[in-house]
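The report that follows goes from the overall fold to individual side-chain pairs, and then to a few single residues. It is meant to be read alongside the sequence and the coordinates.

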Amino acid sequence: TMLPLLPLLLPAAHAIVELGYRPVLTQTPTLEGLTTASTFVLDQPRCVFGGYDNADIWLVVALDKAASAFNNTAVPGTPETAFQGFPDPVSAYMTLNATLANYPCPKPAGDITVLRVGSETSCARDETRPTCNGPLPGPGPYRVKFLALQGSEPVAETAWSEPIMLRTAKSPSSISTTDSGHSAGMIAITTILSILFAILLAGLVAMLAFWGSDSCGGSSTFSKPESVTVRRYNTHHVYDQPAARL
């Protein structure tokens with residue numbers, strides 16, 4: 001009588017444990033660049049996967065619209081989950097694999113317990129590294145979750161994160177040049193710099209004029225040296241000679 005119940009019990013035996021944890025962007029106050037144009041920073045899943053010592057813990061990154069369709073039985077490192085195919089045709093890829101030893105609980109004092117998603121540029125186009133943690137290709141939104149695999153079998157997973165948007169760079173044509181506050185500030189700075197430059201230039205001209213006049217005046221103060229006159233003396237004994245009067 002138990003045989004008909006076996007098909008119902010087997011799927012339950014292999015069911016994935018859903019953990020009560022949702023990945024979040026880190027709130028570490030000293031960390032800058034929480035989100036950039038191609039990366040974002042998550043808190044590590046500390047004290048989340050207790051009891052799964054033999055599992056590999058993977059980060060799954062998916063487009064927001066495709067997160068619900070991700071297949072938990074997908075194998076990391078295959079074309080189906082390769083970063084190089086993201087976001088088309090691959091709508092979710094697997095990266096940043098770690099073991100429970102990489103996420104000790106409680107965390108040691110002073111440890112930086114974050115993961116920067118999208119930080120590897122060297123493997124972005126290298127198809128031999130399908131689990132590359134490469135730069136994200138657009139602003140998103142994205143969702144992420146952690147998935148624990150024992151071998152190729154999924155055993156536990158977290159919930160999906162809330163949608164994560166990345167920063168977008170403004171194009172030059174979209175930057176307003178008519179904003180009154182911005183233009184007033186620029187005008188004030190330009191005016192101050194112009195005044196300072198004019199003062200500096202006037203001081204330089206005055207200094208050059210002073211040096212020039214001082215040089216010319218100094219040459220005119222030289223008095224003409226007095227001519228040296230040699231007074232002629234006639235010795236008396238010459239005129240005393242009788243022959244000299246002839």
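This is a predicted model: local features need pLDDT of at least 70, side-chain atom pairs count only at pLDDT 80 or more; totals for chains, interfaces and linings use all residues.

## Overall fold

Of the 246 residues in the protein chain, 28% are buried. When contacts between residues at least 6 apart in sequence are considered, 70% of them join residues at least 24 apart. The protein chain exposes about 16,700 Å², and carbon and sulfur atoms supply 61% of that area.

## Salt bridges

The structure holds three salt bridges, which are set out in the table with the distance between nitrogen and oxygen for each pair.

| Salt bridge | N to O distance |
|---|---|
| Arg143 and Asp64 | 2.5 Å |
| Glu120 and Arg129 | 2.8 Å |
| Glu157 and Lys145 | 2.6 Å |

The salt bridge between the side chains of Glu157 and Lys145 has an N to O distance of 2.6 Å. Since Glu157 lies in strand β7 and Lys145 in strand β6, this pair ties together parts that are 12 residues apart in sequence. Are these two charged residues, Glu157 and Lys145, buried or exposed? Glu157 counts as buried because its relative accessibility is 9%, and Lys145, at 4% relative accessibility, likewise counts as buried; the cut-off that applies to both is a relative accessible area under 20%.

## Aromatic pairs

The structure also holds four aromatic pairs. One of them is formed by Phe70 and Trp160, whose rings are 6.3 Å apart from centre to centre, with 90° between the planes, in an edge-to-face arrangement. Phe70 is located in the loop between β3 and β4, and Trp160 in the loop between β7 (153-157) and α2, so this pair ties together parts that are 90 residues apart in sequence. Both Phe70 and Trp160 are buried.

A further pair joins Phe86 and Tyr93, with ring centres 4.9 Å apart and planes at 65°, which means that this pair, too, is edge-to-face; the angle between planes has to be over 60 degrees for that class. Phe86 counts as buried because its relative accessibility is 8%, while Tyr93 is buried with a relative accessible area of 0%. Phe86 and Tyr93 are also part of a cluster in which ring pairs link them with Phe83 and Tyr142.

## Individual residues and the surface

Gln44 is placed in the loop between β2 (40-43) and β3, and with 13% relative accessibility Gln44 counts as buried. The side chain of Gln44 makes a polar contact of 2.8 Å with the side chain of Arg46. Leaving out residues up to four places away in sequence, Gln44 touches Tyr21, Asn102, Tyr103, Ile112, Thr113, Val114 and Leu115.

Gly77 is found in the loop between β3 (56-63) and β4 (92-99), and its relative accessibility of 36% makes it partly exposed. Apart from neighbours within four places in sequence, Gly77 is in contact with Pro130 and Thr131. Gly77 and Thr95, which are 18 residues apart in sequence, have a C-alpha to C-alpha distance of 8.6 Å.

On the surface, a nonpolar patch is formed by Phe197, Leu201, Leu204, Val205, Met207, Leu208, Phe210 and Trp211, which together have about 870 Å² of accessible area. Phe210, one of the members of this patch, sits in helix α2 (residues 180-220) and counts as exposed because its relative accessibility is 53%.

Note on methods:
Residues are numbered from 1 along each chain as its sequence is written. Side-chain values use heavy atoms; hydrogens and water are left out. Helices (H or I, at least four residues) and strands (E, at least two) are DSSP runs, numbered from the N terminus. Buried means under 20% relative accessible area, exposed over 50%, partly exposed in between (1.4 Å probe, protein chains only). Contact means heavy atoms within 4.5 Å. Patches are made of residues with over 30% relative accessible area and no salt bridge: like charges are joined within 9 Å, nonpolar side chains (Val, Leu, Ile, Met, Phe, Trp, Tyr) within 5 Å. Accessible areas come from the Shrake-Rupley method with a 1.4 Å probe; for residues, only the protein chains shown count as cover. A salt bridge is a side-chain nitrogen of Lys or Arg within 4 Å of a carboxyl oxygen of Asp or Glu. Rings of Phe, Tyr and Trp (its six-membered ring) pair if their centres lie within 6.5 Å; planes under 30 degrees apart count as stacked, over 60 as edge-to-face and the rest as tilted. A polar contact is a pair of N or O atoms within 3.5 Å; within protein, one must be able to donate a hydrogen and the other to accept it, and residues adjacent in sequence count only if both atoms are side-chain atoms.
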